[in-house]
Amino acid sequence: MTPKQLLRKMFPPMLATLSAEAPGDVAEWAFELKYDGFRAVGAVIDGEAAMLSRNELDLAGRFPRSFEALKKLRASEVVVDGEIVVLDERGTPRFQLLQQGSGRAELILFDLLWLDGRDLRRLPYEERRALLATLLKRPPAGVSLSRTLEGRGDDALKEAAADGWEGIIAKRRRSIYESRRSKEWLKVKAISQQELVIVGWQPSSASERQIGSLHLGYFGDDGELHYAGKVGTGFSAKLRTELRETLGKDEVPKAMVKGAPRLKTAHWVRPRLIAQVSFTEWTSDMRLRHPSFLGLREDKAVNEVIREVPRTAAASKEATTPRVKLTNPERLLYPRDGFTKRHVTSYYEAVAEPMMRALADRPLALEHWNQGIDKPAWFQQNIGREGAAWLKYIQTPTRTSRRTVRHLAVDSVDSLRWLAQMSVLTIHMWSARGVSLEEPDWLIFDLDPAKGKGFEQAIEAAGVIRRLLEDLELPGVPKTSGKRGIHVLVPLAAGYTHDQAADFACSVAAAVAAKVPGMTVERALAKRRGRLYLDCMQNGYGKTIVAPYSLRAIDGAPVSAPLRWSEITKTLDPMKFTMRTMPDRLAKVGDLFATVFENRARLPQVR
């Protein structure tokens, strides 16, 4: 296993929830200073290393000093989580200095996820912190352990503010490391900062080759960009010139943001770049007061930029109560099995952890069965007004028009409960995530038995695909479709496009169909003539497959079940994986689909 492969097993990193106030219980919470820099997760195996940002940008070239320091950690195999910062003369991190490309970057570590073959993420924070402190007793130059603060949370926050720090991170002492945004970690800011999308610029009165100010925006609950005001301070003359040149290439005829002011001199641009801005407060009309530009953020995706609203203690308490109240929980959705909406909700809650891991940051398409499986369903991609404001959405541009589609993305148990409330039985997911819509995480072979043929045809085809992947030295992750088919996913390294994935899959499928009489790549039913359809067309942009652990709307309530290759034998019955049996199976075999995020492969040349 390479360092990058090990690193991807840990992704995505854990994120903190913004809070309006710090918790006071020091017996339950620990406090660290909040570092103002680039999030960096690093892996080292026998002196070889990989270092990625939170959205999987390679940071090795950008911060070579920190990357070389990472390699010198005293462990044969380790994964650490931290922040790359540049400290000012007072020892305080300054994002502006980091943005300016200072060679004095430091790697500040605050968590230990893996050590010498042992996954530490299920250990309590206190234990991981102690192991990290031991690892860093004699740290290499350029690497430090994050600073902790004693006392109550409000005292810690005052100390951070007095020293000019952005704020603190409160971490529940018994919390495990979760690959999502969690309320077990809280960020409390002493100085207000916010990432905002650059949507336009005003020319400078001093030079036509410079910008005078930037127009900014954020994504609202409706999935649209909203105007947040403009920032005109914090720029060097050099940066004003560079931004003028860069933004000049992105100009559009009219503003792509709601609430934009009508200014004849404004230049509007495509929302492609993100600015880090400090400010005093939000005004009542949702504009920034006294903003100052700190730098550009390259480590975050545009569609992640929302207006950060701190949770109060009351709101945090409220958030522990499910936000979805079931109406008609006894509505019968599977009449012959007796399964109701309440049963579906309980199932989603039981498989929430592996399901959220698979669906994290993925655009979804949904099958609603409001009147149960005996009545017609309706298919939904674009979420309109029926979507609650607290749900996460991903805007995806269409390839055939200038429209965007507002997809639901699952990021909490509450969002799974919302699906149950809406009688969504089958969930279809993209192969790409919101942070990299053009880059799939896998390519897929969909093995679809011919009409009138049984599941054994898919079993035979899966054996052929497995042997082929072994010959090509490619990993493969099989799962049932939940009905009669089998899906085989090949995990892909970062950087491939949907077209490249589709071209490779279809080249392989055509070669297999030419040699195996029982398979075809013919889409037309009439031309298949009893042969299994080897479908490679689900690899395009916007194409979906049934998500692992998703229900199917047929008698028995079967689910799409990840498999071991050893399970694909003549005795395999896809109908044994059901709403009733899957929770127990997960307890016994674990999340077999998680291997999709490991051993991500480079594609060989196919002749």
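**Close-up views of a predicted model**

**View 1. The second largest pocket and its lining.** In this predicted model, 30 residues line the second largest pocket, and those that lie nearest its centre are Phe219, Met256, Pro271, Pro397 and Thr404. The space in this pocket comes to about 1000 Å³. Two strands, strand 25 (392–397) and strand 26 (404–409), each contribute at least two residues to the lining of the second largest pocket. Divided by class, the residues that line the second largest pocket are 14 nonpolar, six polar and 10 charged.

**View 2. The disulfide of Cys506 and Cys536.** The model has one disulfide, which is formed by Cys506 and Cys536, with 2.1 Å between their sulfur atoms. The link of Cys506 and Cys536 is right-handed, with 95° about the S-S bond. Because Cys506 belongs to helix 12 (residues 498–515), while Cys536 lies in the loop between strand 32 (532–535) and strand 33 (544–546), the pair ties together parts that are 30 residues apart in sequence. Cys506 counts as partly exposed, since its relative accessibility is 22%, whereas Cys536, at 6% relative accessibility, counts as buried.

View 3. Tyr177 and Trp185 are both buried. A tilted aromatic pair is formed by Tyr347 and Tyr348, with 6.1 Å centre to centre and 45° between the planes. Tyr347 counts as buried at 2% relative accessibility, and Tyr348 counts as buried at 1%. Tyr177 and Trp185 also belong, together with Phe110, to one aromatic cluster.

**View 4. Arginine charges over the rings of Trp282 and Tyr541.** Arg307 has its charged end over the ring of Trp282, at 5.2 Å from the ring centre. The charged end of Arg399 sits over the ring of Tyr541, and here the distance to the ring centre is 4.0 Å.

**View 5. The largest cavity.** Two cavities of 30 Å³ or more are found in the model, and the largest cavity has a volume of about 100 Å³. The lining of the largest cavity is made up of Arg8, Phe11, Pro12, Glu56, Arg357, Ala360, Arg362, Arg433, Phe597 and Arg600. By class, this lining holds six charged and four nonpolar residues, and no polar residues.

View 6. The residues that line the second largest cavity comprise seven nonpolar, four polar and one charged.

Conventions
Residues numbered from 1 in each chain as written. Predicted model: local features only at pLDDT ≥ 70, side-chain atom pairs only at ≥ 80, totals over all residues. Heavy atoms only, no water. Disulfide = S-S within 2.5 Å. Helix = DSSP H or I, 4+ residues; strand = E, 2+ residues; numbered from the N terminus. Buried < 20%, exposed > 50% of the residue type's maximum accessible area, 1.4 Å probe, protein only. 1 Å grid on protein atoms, 1.4 Å probe; cavity = no way out; pocket = protein on both sides within 12 Å on 5 of 7 lines; lining within 4 Å. Points joined across faces, edges and corners; volume = space filled by probe spheres on them. Nonpolar A, V, L, I, M, F, W, Y, C, P; charged D, E, K, R; others polar. Phe/Tyr/Trp six-rings, centres within 6.5 Å; stacked < 30°, edge-to-face > 60°. Lys NZ or Arg CZ within 6 Å of the ring centre and 35° of its normal.
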